[in-house]
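Student: I have a new structure open on my screen. Could you help me learn to read it?

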Amino acid sequence: MSTSTESVFTESPERQELRRQVAKLAGKYGRDWFTEKARAGEKTTELWLEIGRAGYLGINIPEEYGGGGGGIGDIAAVCEELAAQGCPLLLMVVSPAICGTIISRYGTDEQKQRWLPGIADGTGTMAFAITEPDAGTNSHNITTTARRDGDGWVLTGRKIWISGIDEADHVLVVARTEDARTGKLKPCLFVVPTDAEGFEARPIPMEIVSPEKQFQVFIDDVRLPADALVGDEDGGLVQLFAGLNPERIMAASFSTGLARFALAKAAAYAKERTVFKDPIGAHQAIAHPLAQSHIEIELARLMTQKAAALYDAGDDMAAGEAANMAKYAAAEAACDAADRAVQTHGGNGISQEYGMAGLLVATRAGRIAPVSREMILNFVAMHSLGLPKSY
Ligand SMILES: Cc1cc2nc3c(=O)[nH]c(=O)nc-3n(C[C@H](O)[C@H](O)[C@H](O)COP(=O)(O)OP(=O)(O)OC[C@H]3O[C@@H](n4cnc5c(N)ncnc54)[C@H](O)[C@@H]3O)c2cc1C
């Protein structure tokens, strides 16, 4: 069977149209609106609900639960186009992509009816909490524990860096339950209301200019009903990993979107700003780094689209490797693009008016979260190259 290069190396006309429509919608809001909201301590709920109403937020959620029936490639395209317009929405990574995927794949029909329509239209945003202060990168060491209490559960533990608790009614918490046979603790997922008794969230002051905040979370004997448990109690890590590949693909799209935004600003400025006889973009010292960024961003986008295509085709193993590589490449491309964009702007690069310097921190977060560049390099060294496990 021959396959045309067009269908292999470019996205479908529907996906391209989706990108155009999302860009148009986000363009109505724009970077200035976004940073003003962030600096005023306000939220971007208006945009969140509008993309929800337009069907973009739940585009990957099954149609029978209020979504668009698309895949991770679609929601990743939405995420990237929002960021490329200067309106990066971190909670897209969490609510529809991680929580939406896990519940769609492992929830009961009742749980899907209950949670997915709100995730899809933006009225029932769900945060995701795995990271703990002591375990950090080593998620295998988490200690948040659920013990049985009659028909239900009692949950206790600590989480850190959890995004969007103030915008979410519920949070999908990765905890452990005790195995009745072995006594060992095994990972399990619970939907926890953010207004539950014993649940407390404290904002962590961050240097990122974003309306979306990170929180320290204290879970003290929070009582949950039996159906708070999502998936099979013995399902273990497989259920969790169902959400982590989409998370990496989304994080990569978030980064390539921000990188495109930074590069577009830099290129526009380099064409206009003249201090000697030609615009500064005529100097190769300015033009080459920007050209390099364009290449790096396109490479990262290609790998991100490959990862999404593999995931949507059901090839979880290959998608895992590609998603890690895409996330790495995208974060690197974004950090470099932001740095070059700042340099291109000279003094304006660190002024609030031009808003470039804020991108340094925003893109830098992509090297740390949701999985750090070091852990991706560990993964590739071990799984792709067959080198010994180093940790
Ligand atoms: C903006 C932001 C939003 C976030 N949102 C969420 C969220 O919504 N939900 C959630 O659960 N978490 C969230 N996180 C947490 C994020 O996933 C963690 O910060 C990340 O996994 C790193 O964990 P840590 O900060 O504890 O770093 P640590 O684990 O303390 O690591 C510190 C450094 O050591 C390196 N390191 C550690 N072990 C090794 C090793 N074996 N080999 C090489 N290097 C190593 C790491 O790569 C890192 O550079 C968010 C973080 C940020 C910054």
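Tutor: The protein's secondary structure consists of 11 helices and eight strands; helices (H or I, at least four residues) and strands (E, at least two) are DSSP runs, numbered from the N terminus. The model is predicted: local features need pLDDT of at least 70 and side-chain atom pairs count only at pLDDT 80 or more, while totals for chains, interfaces and linings use all residues. Residues are numbered from 1 along each chain as its sequence is written.

Student: What radius of gyration does the protein have, and why does it agree with a compact globule?

Tutor: The radius is taken over C-alpha atoms, and the globule rule is 2.2 Å times the number of residues to the power 0.38. For 391 residues a compact globule would come near 21 Å, and the protein has 21 Å, so the two agree.

Student: How many residues of H7 are buried?

Tutor: A residue is buried if 20 or more other C-beta atoms, placed from the backbone, lie within 10 Å of its own. In H7, that holds for 27 of its 36 residues, so the helix is mostly covered. Across the protein, 47% of the 391 residues count as buried.

Student: Which residues come nearest the ligand?

Tutor: Near means that a residue's C-beta atom, placed from the backbone, lies within 6 Å of the molecule. Of the 21 residues around the ligand, Gly136, Thr137, Ser372, Glu374 and Tyr391 come nearest. Strand S1 (126–129), strand S3 (152–163), helix H10 (357–368) and helix H11 (373–384) each supply at least two residues of the shell.

Definitions and conventions: A residue is buried if 20 or more other C-beta atoms lie within 10 Å of its own, exposed if 12 or fewer, and partly exposed in between; C-beta atoms are placed from the backbone.
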